[in-house]
Amino acid sequence: MGADGDETGARRRGARTYEGAGIEVTFDPQVCRHAAECVRGLPSVFDTARRPWISPDAAEPGLVAEVVRRCPTGALTYRLAGGGTEAPDRPTTVRRTADGRLLVRGELRVTGAGGEVRETPRAMLCGCGSSGGQPYCDRSGACGGVAGDRGGSGDRGRSQGGGGEQEGGTGA
C-alpha cells in the first residue's frame, strides 16, 4: 500500500504477478469482469485452461502490452523489463456502453465503497447503481451486459507510450 493507503498494481490484495524476461503482467481478480479481451487477443499468452494461465514470454513484450491495454476494467497491468508502464489517456475519457456501464480511461483514482483507493489507467464503473461492488460494475444490475458487448470490443486500448492492463481471468 502507498503512503495514503492507496492500493496500486501488484500490491493490491489478491493480485498476482506473472514474470517474463521482457515484461511482467499483473492480474487482479477482484476487478476482472471477464471481457476476455486478453484471451481473444493473445491466446498463446492468456490461456484459462493452462496453469499458470498467463505466460508473458509466449509473445513479444510490445504485443503483450498492446493486448493488456485492451482491458476495459484495468484487471491486467504490465511493466516492461526497462521499467515502462502504461501512460494514462489524456484527456480522460468516459464511454457509456449500450447497457449502461461506464468505461473510463485516464489518470484515475477510484475510491471503493470501503474507502480503498485504486490508481489505474482504466476502470469499468457501474452506471445503474445496482452493483454490489460499487463503484465498479459487477454485471448484477441493469448494466449487466448486452450480448456481444462485453466491455472491450470497440474500446481498444489506446496508449501514449507504455504499458497497461487487460481484462481477463480464470473464468473468461
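The following conversation walks through a predicted model, one question at a time.

Trainee: Where does the residue numbering begin, and which pLDDT do local features need?
Mentor: Residues are numbered from 1 along each chain as its sequence is written, and side-chain values use heavy atoms, with hydrogens and water left out. This is a predicted model in which totals for chains, interfaces and linings use all residues, side-chain atom pairs count only at pLDDT 80 or more, and local features need pLDDT of at least 70.

Trainee: How many of the residues are buried, as a percentage of the chain?
Mentor: Buried means under 20% relative accessible area, exposed means over 50%, and partly exposed is in between (1.4 Å probe, protein chains only). The chain has 172 residues, and the buried share of them is 47%.

Trainee: In what order do the strands of the open sheet stand?
Mentor: Two strands pair if DSSP finds at least two bridges between them. The edge strands are β2 (16–19) and β4 (76–80), each pairing on one side only. The open sheet has 3 strands with antiparallel pairing, in the order β2-β3-β4.

Trainee: Which residue in β3 is the bridge partner of E19?
Mentor: Strand β3 covers residues 23–27 and runs antiparallel to β2, with 4 bridges joining the two. Within β3, the bridge partner of E19 is E24.

Trainee: Which residues of helix α2 are buried, and within what arc do they fall?
Mentor: Helix α2 spans residues 61–68, and its buried residues are V64, A65, V67 and V68. The arc is that of the directions from the helix axis to the C-beta atoms. Seen down the axis of α2, the buried residues line one face of the helix, because they fall within an arc of 165 degrees.

Trainee: What covers those buried residues of α2?
Mentor: Here contact means heavy atoms within 4.5 Å. The cover draws on several elements, and includes β3, β4, α1 (37–41) and β7 (117–125).

Trainee: Which residue caps the N-terminal end of α2?
Mentor: A polar contact is a pair of N or O atoms within 3.5 Å; within protein, one must be able to donate a hydrogen and the other to accept it, and residues adjacent in sequence count only if both atoms are side-chain atoms. At this end of α2, a side-chain oxygen lies 2.8 Å from the backbone nitrogen of G62, and the capping residue is E60.

Trainee: Which backbone oxygen does the side chain of R118 reach?
Mentor: R118 is part of strand β7. With a relative accessible area of 5%, R118 is buried. At 2.7 Å, its side chain reaches the backbone oxygen of G74.

Trainee: Where is P91, and what is the omega of the peptide bond from R90 to P91?
Mentor: Most residues other than glycine have a negative phi, and most peptide bonds are trans. P91 is found in the loop between β4 and β5 (93–96). The peptide bond from R90 to P91 is cis, with omega near 0 degrees.

Trainee: What is the phi of H34, and what is the phi of A36?
Mentor: H34 is in the loop between β3 and α1, and A36 is also placed in the loop between β3 and α1. At 28% relative accessibility H34 counts as partly exposed, whereas A36 is buried, with a relative accessible area of 10%. Neither is a glycine, yet phi is positive in both: near 60 degrees for H34 and about 65 degrees for A36.

Trainee: Which residue in the hairpin of β5 and β6 takes a positive phi?
Mentor: β5 pairs with strand β6 (residues 102–111) in the antiparallel sense over 4 bridges, and T93 stands opposite R105 in β6. The hairpin has 5 residues between the strands, and the residue with a positive phi, near 110 degrees, is G100.
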